[in-house]
Amino acid sequence: MEAEKVLESSYGFTSAMTLTELGNPQVPQRYVLPLSERPNPTLHPSISLPIVDLSSLKHPSSSSPRSETINEIQRACKEFGFFQVINHGILQCTMRDAMEAATDFFDLPVEEKMILMSENVHEPVRYGTSLNHATDKKMSKYATEVENLQKQLMELVLESLGLNSNYLVDDIDNGSQVMTVNCYPACPEPELTLGIPAHSDYGTLTILHQSCSGLQLLDSNENWVPVPLVEGALIVLLGDQLEVMSNGHYKSVLHRVIVSSDTKRLSIASLHSLALNKKMAPAPELLNEQNPAGYKEFSFRDFLDFISSRDALQGRFIDTLKKDR
Ligand SMILES: O=C(O)CCC(=O)C(=O)O
Ligand SMILES: [Fe+2]
């Protein structure tokens, strides 16, 4: 274990996983957050978050028709920028296999993981943020199915905005998919830190598969609401490209992850956006004299340039796109 630490440290980095394995009784100072940013374990508003049943897509004549599903998605997007989906068509064994591949990756000897270590956010595969799913059959199958589900969800979200379900269809088909596999080891002092600080995702939709609860989202009353684990469900988060496309009709959701003193958590996030250099702009169909464009257009590359040029904790990217109306 000591050798692992030395090896990681030679890259100027010691993973939380290694620290946990070393039995560190304290969170290292660099992970300790200012008081105002720490999770508050006692404050949990009892809000029930939306769960959308997608059966109507497979069985068009089912008791809840497609239009009802679209209404539910509209309410969820408007209120939270978030929903969970059930009966989404991805088999439980495919989801289990992907989680197993993620677990196996993080259980690899540190030398193997360090081969992928890089601080370059333009790198297609990086330890700490991504796993080369092209080389892993189980992850690759899951990634393909999630990409497919994302296209179906985008049609529903577009329709829920009153747009044609074909709007941007070629750009969405040729879009980017980034698979982020996150591992949050058990933490000796979970009240002092976060697994991931508050942020919104840059893309259109993020589809997330979690091994156990830990994700929280900020609701419209500025309360952090824990997202419950719903067995077999997938989580859908609205990102900044969707906020821009909808001209602020829907907002990207601020979310964060808390850590636990006794449970390691894994999550697989599939982040979808337009292709790297393709700009997303407010949909012209949603604009008129009373509702002019409220955002500047931006691409995934613009977002990467933003986060590599400044501290990600300093301000939100979406705020830099807002126009004074
Ligand atoms: O682990 C999670 O639940 C969330 C991960 C996340 O927010 C991200 O990868 O962008
Ligand atoms: Fe995220």
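**Close-up 1. The residues around ligand 1 in the predicted model**. The shell around ligand 1 holds 13 residues, of which Y184, H199, H255, R265 and S267 come nearest to the ligand. Sorted by class, this shell is made up of six nonpolar, five polar and two charged residues.

**Close-up 2. Side-chain polar atoms and the oxygen atoms of ligand 1**. In the side chain of Y184, a polar atom lies 2.5 Å from an oxygen atom of ligand 1, while an N or O atom in the side chain of S267 is 2.6 Å from an oxygen atom of the ligand. For D201, the distance between a polar side-chain atom and an oxygen atom of ligand 1 is 3.2 Å. Ligand 1 exposes 290 Å² when it is taken alone, and the protein buries 95% of that area. Two or more residues of the shell around ligand 1 are given by each of the elements β3 (176-184), β4 (196-199), β9 (255-257) and β10 (265-273).

**Close-up 3. The second largest pocket and its lining**. This pocket, which holds about 330 Å³ of space, is lined by 21 residues, and L218, D219, S220, K251 and S252 are those that lie nearest its centre. Helix α4 (residues 66-79) supplies three residues, the largest share of the lining of the second largest pocket. By class, the residues that line the second largest pocket divide into nine charged, seven nonpolar and five polar.

Technical notes: Residues are numbered from 1 along each chain as its sequence is written. Chains are lettered from A and ligands numbered from 1 in the order in which they are written. This is a predicted model: local features need pLDDT of at least 70, side-chain atom pairs count only at pLDDT 80 or more; totals for chains, interfaces and linings use all residues. Side-chain values use heavy atoms; hydrogens and water are left out. On a 1 Å grid over the protein atoms alone, a cavity is a set of points where a 1.4 Å probe fits but cannot get out, and a pocket is an open set with protein on both sides within 12 Å along at least five of seven lines; lining residues have an atom within 4 Å of a point. Grid points are joined across faces, edges and corners, and a volume is the space filled by probe spheres set on the points. Helices (H or I, at least four residues) and strands (E, at least two) are DSSP runs, numbered from the N terminus. Ala, Val, Leu, Ile, Met, Phe, Trp, Tyr, Cys and Pro count as nonpolar, Asp, Glu, Lys and Arg as charged, and the others, Gly among them, as polar. A residue is near a molecule or strand if one of its heavy atoms lies within 4 Å of it. A polar contact is a pair of N or O atoms within 3.5 Å; within protein, one must be able to donate a hydrogen and the other to accept it, and residues adjacent in sequence count only if both atoms are side-chain atoms. Accessible areas come from the Shrake-Rupley method with a 1.4 Å probe; for residues, only the protein chains shown count as cover.
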